[in-house]
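Hi,

Here is the structure I said I'd pass on. Have a look, and my notes follow below.

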Amino acid sequence: MNTSNTNLRALGMTGSSCPVTNVRAPNVYRSFGDFSISYLRHSAEYGSNTTAIVLAGRVFLVLNGNHAEQLIGAASACGIQGCVDYFVENITQANGHSEHLMATGLVSDLFGLLGTALEVMGQNNIDKIAKAAA
């Protein structure tokens with residue numbers, strides 16, 4: 001998919017500015033209630049374009065590349081379940097900064113992410129991601 005701003009807007013993705021500095025955030029996103037889909041053009045920290053499923057603004061399940069169209073389609077059709085299914089199908093593209101290992105208990109949960117993941121995704125989806133990542 002072309003990652004032009006026009007195409008991202010057509011997917012319903014918008015950006016935001018910091019209210020104090022009025023500086024635009026580097027990512028665009030679309031909210032689906034208790035989760036959102038966020039797209040970030042190439043950044044040095046992440047090493048590539050990334051797309052994240054963001055749970056309650058707190059847990060970031062990050063894939064390398066532009067998966068915005070597919071994840072928004074999955075979210076629109078099947079909610080968080082569609083996004084989890086897509087993430088699992090593409091888990092080999094998980095970014096090193098993705099928090100899916102912490103959020104599923106596969107590594108030390110330094111930030112207490114499991115509770116948020118459980119609330120937004122449910123135990124079955126946590127187990128599904130953990131199994132795919134193991």
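To start you off: does Thr 50 count as buried or exposed? Thr 50 counts as buried, because its relative accessibility is 5% (buried means under 20% relative accessible area, exposed over 50%, partly exposed in between, with a 1.4 Å probe and protein chains only). Thr 50 sits in strand 3, residues 50-55. Leaving out residues up to four places away in sequence, Thr 50 touches Ser 38, Tyr 39, Leu 40, Val 62, Leu 63, Asn 64, Gly 65 and Asn 95 (contact means heavy atoms within 4.5 Å).

Before you go further, some housekeeping. This is a predicted model, where local features need pLDDT of at least 70 and side-chain atom pairs count only at pLDDT 80 or more, while totals for chains, interfaces and linings use all residues. Residues are numbered from 1 along each chain as its sequence is written, and side-chain values use heavy atoms, with hydrogens and water left out.

Now the overall picture. The protein chain has 5 helices and 4 strands (DSSP runs numbered from the N terminus: H or I of at least four residues for helices, E of at least two for strands). From the N terminus, the order is α-β-β-β-β-α-α-α-α. Of the 134 residues, 42% are buried.

Helix 2 covers residues 68-89 and spans only 15 Å between its end C-alpha atoms, whereas a straight helix of 22 residues would span 32 Å (1.5 Å times one less than the number of residues). Buried residues in helix 2 include Leu 71, Ile 72, Tyr 86 and Phe 87.

Cheers
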